[in-house]
Amino acid sequence: MVYNRLLLLLSLVCFSTFTDGVKVRRVKAGKKYKEHEAVHIVVNKVGPFNNPTETYRYYSLPFCHEHSTEEEEVEAAEVENVEIVALESEKREGKLSHKQRFGESMVGDRRETSPYEISFADSVEWRLLCKKLLTPADLKKLKDAIHNNYFFEMFVEDLPMWGYVGDTADEDILVGEVEGSKVYLFTHLHFFLGHNNNQVVSAKVTTDLDRRVDITKEDVNHHVQFSYSVEWFEEPNLTWKNRMTRYAQSRFLPNSFEIHWLSIINSIVLVLLLTAFLTIILLRVLKNDFSRYMELDDDVMDEEESGWKLIHGDVFRFPINPVLFCSAVGVGNQLMLTTFFHLCLALTGLISTTRRGSILAGCVVLYCLTSFIGGYTAVRLFRQMKQTNWVQCIITTALLFPAPCTFVFLWVNSIALAHGSTSALPVTAILTVTALFIFIAFPLTVFGGIVAKNYASADFGAPTRTSKVPREIPTEFPWYRSREFQVIIAGFLPFSAIYIELHYIFASMWGHQIYTLFGILLLAFLLLVIVTSFITVALLYFQLAREDHRWWWAAYVNGGMTGVFIYAYSFYYYFHRSGMSGVLQSSFYFGYMAIMSFGFFLMLGSAGFQFSLIFVKYIYARVKCD
C-alpha cells in the first residue's frame, strides 16, 4: 500500500515536471509569410546590462499580458491624434511558455508569448498595447530595474532584439537619486522589421523618448499607457542565410569583433620565433651531448661529467599516484579532442554559432561522445605502468572532470534559484545532462578502458632499464633552474601567445558580443598546443640536465600552468575590464571560469606530458646505456 502511494506520488512529480503547463510551439526560422499573416514577437528575459548571467523572466516586471480591446484603442487614438488602420490580426495571450531547445535552456532563455499584434508587411503608425495601473510595489520594481540598467530581450523567429527598460536624468553617479533627478519608463516600442523574399531577415526595436513616463514618485498609483508601432521595409541585399551579419552594426551592442591583424600576426611571429629558437638550441645542445656521451664510458662520466645521461636508470621510474596521473592524461586527451572537433564543426557551420546555446550544448554532447578516448588512453598508460587496478582508473577518469563541474553547478544553481534567476537550469535540462552522462559518457569511458585492457599493448617501450634504488637528486642549483621559476615560465610564455584573443573570447562569453572568428580561434588553439609542448620539452631538458628524474608530474604541471594563468587573467578582466558585480554574477563568473581553467590545465598538461615522453624516449634511445 505504501509502495503504491510512493509510486503514485513519484508519477505525479514527474508528470508535473515534464508537462509544466501548456507549451507554445515555436515558429520555425526562415518561414515564408503570406501577406497580412501574423508575425509573433517572443519575449525572453530582462536583467542588468553589465551582468549578462543575471537574467530574469520578462514578465517578472509589470508588463502587459493582454492586448487592449478595439474600443480602448479607438479612445486612446483620439487622445494621441492618430488614425488607426483596421487590420485583421491574430489575438495572442501573453506569458505562455514556449518550447525550447536544450541549449537555450542551458544559457538561461525562458521564451514566452507576447500580446503584440503584428502582421507581415503591414506598417503601423501607432497602436495601444494596454493600459495598466502601476501600484507603488510595481513602481519600486521598475525603478530598481532602471537604476540597475536593465535591458529586455525579444525575438522575431531567431532574430534577437534588445532595448532598455527606462532611463534616468540628473542623477548622481555615486549617490544615485538626488533632489531634482528623474526616473523615466519607456512605454512605447518601435519595431523595425526587414523582409526579403517573404522572409523576415532583420529585426530591431527602439524606444520613443517623447513617450516616456516619469515614475520618480513611487508612493502613488500611476496609470500608464503602453503602445507600439511597426515599420516594415524591404531588404533586397540581405538574404535570410546572412541575416545575422547585421548585428555587427547594432547600436545597442558594443562594437562587434574586428580582426586585429597586427595583433594576430604579432602572436604568430612570437610563436614561430620562440619555437624556432627552442628547436635550434635544443638540437645543438643535444648534438653536443650525444657526441660527448657516445665517446665516454660510464665510469669516466661518473668521475668527470654530470648531466641527463647519469639518470638513465631512473628517468623511466613511474610517477607516484599513477591512477590520478593516467586519468588526468586520459581526460586531457578527451578534452583536447572535444575542443578540436568543436572548433572544426563551428568553422564548417555544422554547429550553428548564431543559434542560442548551440555552442554550450555542442560541448556537452561532444564531451560525452569522446569519452571512449579518455577511457582508452588512461587505461592503456595505466597498464604500461604495470598497474592492475584498472577499474579504479576508469572510475577516476569518468569523474575527474564531471565531479568538479557538478560541485560548481550545484553552488551557482542554488544561488540562481535563491535569486529567482532564469540562469538556474530547469529540471528537464538537468535530467538531460544527467542522462547523457549515465547512458553515454560513463559507458563509453568503461568501454574504452575495457578495449585498452584487452587489446592495447602493455609494453611501455622504455629504451633503458630502471634501477632498483633511486638515484639521489642534487639540491644545489642556480635560481633560474628552480622549480618555481620553471612553473612561471611554463605558464607565461604560452599565455602571452593567446592573451589578445582571450580578451575577445571573454567579451563574448561574459558580455553581449557574438563571436564569429572561429578560424582565428582554431589557429590560436593549435598555436597554444604547439608552444606549450615546446616550452614543456625545453624545461624538461633543463630538469634532466640537473639530474632530477622526477619529471612525470613536473612535465604535466608545466604544460597545464597556462590554465592557471587564464584563471588569474579572469580576475583582472572582472575587476578592470567589465562592469560585473553582485553575488549571482560573481558566483557564475568565478565558478565556471575555474572549471574552464581546470579544463585547460588538464588539456595542455596532457599535451605537454606526451610530447615530453616522446622526447625522453628519443634522447635515451640514442646513447650507450648499460
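Buried means under 20% relative accessible area. Keep that cut-off at hand for the first stop. The model on screen is a predicted one.

**Stop 1: a buried ion pair**

Select R111 and E104. Their side chains meet in a salt bridge, 3.3 Å from N to O. Are these two residues buried or exposed? Both R111 and E104 are buried. In general, side chains of opposite charge can pair when their charged atoms come close.

**Stop 2: one turn of helix α4**

Move to helix α4, residues 136-147, and pick K140 and D144. The two residues sit four apart, about one turn of the helix. They form a salt bridge, with the closest N and O atoms 3.1 Å apart. K140 has a relative accessible area of 43%, so it is partly exposed. D144 is partly exposed too, at 35% relative accessibility.

**Stop 3: a bridge between strands**

Now select D214 and K182. This is another salt bridge, with 3.6 Å between the closest N and O atoms. D214 belongs to strand β13 (residues 212-214) and K182 to strand β10 (residues 182-186), so the pair ties together parts that are 32 residues apart in sequence. Check the accessibility of each partner. D214 is partly exposed, with a relative accessible area of 30%. K182 also counts as partly exposed, at 33%.

Salt bridges that share partners join K45, R101, E104, D109 and R111 into one network. How many salt bridges does the count come to? It comes to 19 salt bridges.

**Stop 4: strand β13 again**

Stay with β13 and select R212, which lies in this strand. R212 is partly exposed, because its relative accessibility is 32%. The separation is 6.0 Å, although R212 and Y184 are 28 residues apart along the chain.

**Stop 5: the disulfide**

Show the cysteines. A search of the whole structure finds one disulfide. Which residues form it? C64 and C130 do, with their sulfur atoms 1.8 Å apart. The torsion about the S-S bond is about -65°, so this disulfide is left-handed. The pair links distant parts of the chain, 66 residues apart. C64 is in the loop between β3 (56-57) and α2, while C130 is in strand β6 (residues 124-134). C64 is buried at 5% relative accessibility. C130 is buried as well, at 9%.

**Stop 6**

Then select C368. This cysteine is buried too, with a relative accessibility of 6%.

**Stop 6: a negative patch**

Turn to the surface and color by charge. Select E70, E71, E72, E75 and E78. These residues gather in a patch of negative charge. Zoom in on E78, which is found in helix α2 (residues 70-80). Its relative accessibility is 63%, so E78 counts as exposed.

**Stop 7: a nonpolar patch**

Keep the surface on. Select I265, V269 and L273. Together they form a nonpolar surface patch with about 270 Å² of accessible area. One of them, I265, is found in helix α5 (residues 261-295). I265 is partly exposed, because its relative accessible area is 46%.

**Stop 9**

Hide the surface and select V315. V315 lies in the loop between α6 (298-304) and α7 (322-348). Is V315 buried or exposed? V315 is buried, with a relative accessible area of 0%.

Methods: Residues numbered from 1 in each chain as written. Predicted model: local features only at pLDDT ≥ 70, side-chain atom pairs only at ≥ 80, totals over all residues. Heavy atoms only, no water. Patch = residues over 30% accessible without salt bridge, like charges linked within 9 Å, V, L, I, M, F, W, Y side chains within 5 Å. Areas by Shrake-Rupley, 256 points an atom, 1.4 Å probe, with all protein chains shown as cover. Salt bridge = Lys/Arg side-chain N within 4 Å of Asp/Glu carboxyl O. Lys, Arg positive; Asp, Glu negative; His and termini not counted. Charge placed at Lys NZ, Arg CZ, Asp CG, Glu CD. Buried < 20%, exposed > 50% of the residue type's maximum accessible area, 1.4 Å probe, protein only. Disulfide = S-S within 2.5 Å.
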